[in-house]
Amino acid sequence: MALWLLNHLNTGVLGTLVVGGIVALALAGSVAVRRRYPHLSRGDHNEMVGVALGMFGAIYGIILAFVVVTLWTQLENTQTVVAAEATDLAVVVRSAEAFPAEDRARIERAVGDYTHGVVDVQWPLMREGRPSYGATSEQMHRIYTALQAYEPATGRQRAFYDEAVTRLSDVTEQRRARITMAETSLPVLLQLLVYGGALVILPLTLLFGLRSLKLQLLFVSAVAGLIGFSLLLVLVLDRPFAGELSVSPAPYKEGALARFWPNG
């Protein structure tokens, strides 16, 4: 469900649904509770409710901060892995320029097929939460085969060949890391703490009584809005390859790899 929302709704619409929905639900609940229990407006239980709100709010804030920082770090790490993989591929292409024309063409063709496989085949699968090693396994094998078929004849060619082999090994490592990151999401326990915590905090705000209905609704909507924005942030950061804030495949179309995208 979360992946569908991220991939089919822009952040503005998603924010309106999440934040607006939580605020509207909180306001409706506040009005309903006030009508059902009008004595709450006298604030007889505010001291007890305030202590509970402060305690649960502090714990929930720590949990949210930990989750958001973790997810943001995960997003940055994913961007680094993608950039590193694209850079290593570009170095393989640059190194192949020192090889004879036939061998260079074979290596470039294999690298081009791999980059198209990553962007055109593997990326949509990662957006849908179905990453697959097999989507680019054949293309990766062809790069190795192309390099293994070449025998350097000079010291200069040997130096660039060794660099290309080293970078290809790095590509394999980054590829595995990228797919692993596409498979990960927020653990179920943390999801329960984040979303379940909201279900604890919001009802408590309904019990905090103020004589003025406007002030009551303002207080409830402020707390609900803050929680809504926090949940929205967790939602959009949880999947690094889905939604508008997702990691872009643009690095595979830049620099030395741009030659494989003549229409890009």
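How do the residues of the lining of the largest pocket divide into nonpolar, polar and charged? In this predicted model, the division is 12 nonpolar, one polar and no charged. The pocket itself has a volume of about 220 Å³. Its lining is made up of 13 residues, and the closest to the pocket centre are Ile-22, Leu-25, Ala-198, Leu-199 and Leu-202. Three helices each supply at least two lining residues: H2, helix H7 (188–206) and helix H8 (213–238). H7 gives the largest share, with six residues.

The second largest pocket holds about 170 Å³ of space. Its lining consists of Leu-53, Gly-57, Tyr-60, Gly-61, Leu-64, Ile-201, Val-223, Leu-226, Ile-227 and Ser-230. Here H3 and H8 each supply at least two residues. The largest share comes from H3, which provides five. By class, seven of the lining residues are nonpolar and three are polar.

A search of the whole structure gave three cavities of 30 Å³ or more. The largest cavity contains about 60 Å³ of space. Ser-30, Val-33, Arg-34, Tyr-37, Leu-40, Ser-41, Leu-206, Phe-208, Gly-209 and Gln-216 line this cavity. Helix H2 (residues 11–36) contributes the largest share of the lining, three residues. Five lining residues are nonpolar, four are polar and one is charged. Arg counts as charged, and Arg-34 is among the residues of this lining.

The second largest cavity has about 40 Å³ of space. It is lined by Leu-6, Leu-9, Thr-11, Leu-14, Val-236, Ala-242, Gly-243, Glu-244 and Leu-245. Six of these residues are nonpolar, two are polar and one is charged.

Aromatic contacts form a further theme. A pair of aromatic rings is described by the distance of the centres and the angle of the planes. The count of aromatic pairs comes to five. One of them joins Phe-99 and Tyr-161. This pair is tilted, at 6.4 Å centre to centre and with 50° between the planes. Phe-99 lies in the loop between helix H3 (46–96) and helix H4 (101–127), whereas Tyr-161 belongs to helix H6 (residues 155–183), so the pair ties together parts that are 62 residues apart in sequence. Phe-99 has a relative accessible area of 3% and is therefore buried, as the cut-off is under 20%. Tyr-161 is also buried, with a relative accessible area of 14%.

Tyr-161 has another aromatic partner, Tyr-150. These two rings are again tilted, 5.9 Å apart centre to centre, with 55° between the planes. Tyr-150 sits in the loop between helix H5 (137–148) and H6, while Tyr-161 is in helix H6. The two residues are 11 apart, and the pair links distant parts of the chain. Both Tyr-150 and Tyr-161 are buried. Together, Phe-99, Tyr-150 and Tyr-161 make up one aromatic cluster.

Lys-253 lies over the face of Trp-261. The distance from the ring centre is 4.8 Å.

Key: Residues numbered from 1 in each chain as written. Predicted model: local features only at pLDDT ≥ 70, side-chain atom pairs only at ≥ 80, totals over all residues. Heavy atoms only, no water. Phe/Tyr/Trp six-rings, centres within 6.5 Å; stacked < 30°, edge-to-face > 60°. Helix = DSSP H or I, 4+ residues; strand = E, 2+ residues; numbered from the N terminus. Buried < 20%, exposed > 50% of the residue type's maximum accessible area, 1.4 Å probe, protein only. Lys NZ or Arg CZ within 6 Å of the ring centre and 35° of its normal. 1 Å grid on protein atoms, 1.4 Å probe; cavity = no way out; pocket = protein on both sides within 12 Å on 5 of 7 lines; lining within 4 Å. Points joined across faces, edges and corners; volume = space filled by probe spheres on them.
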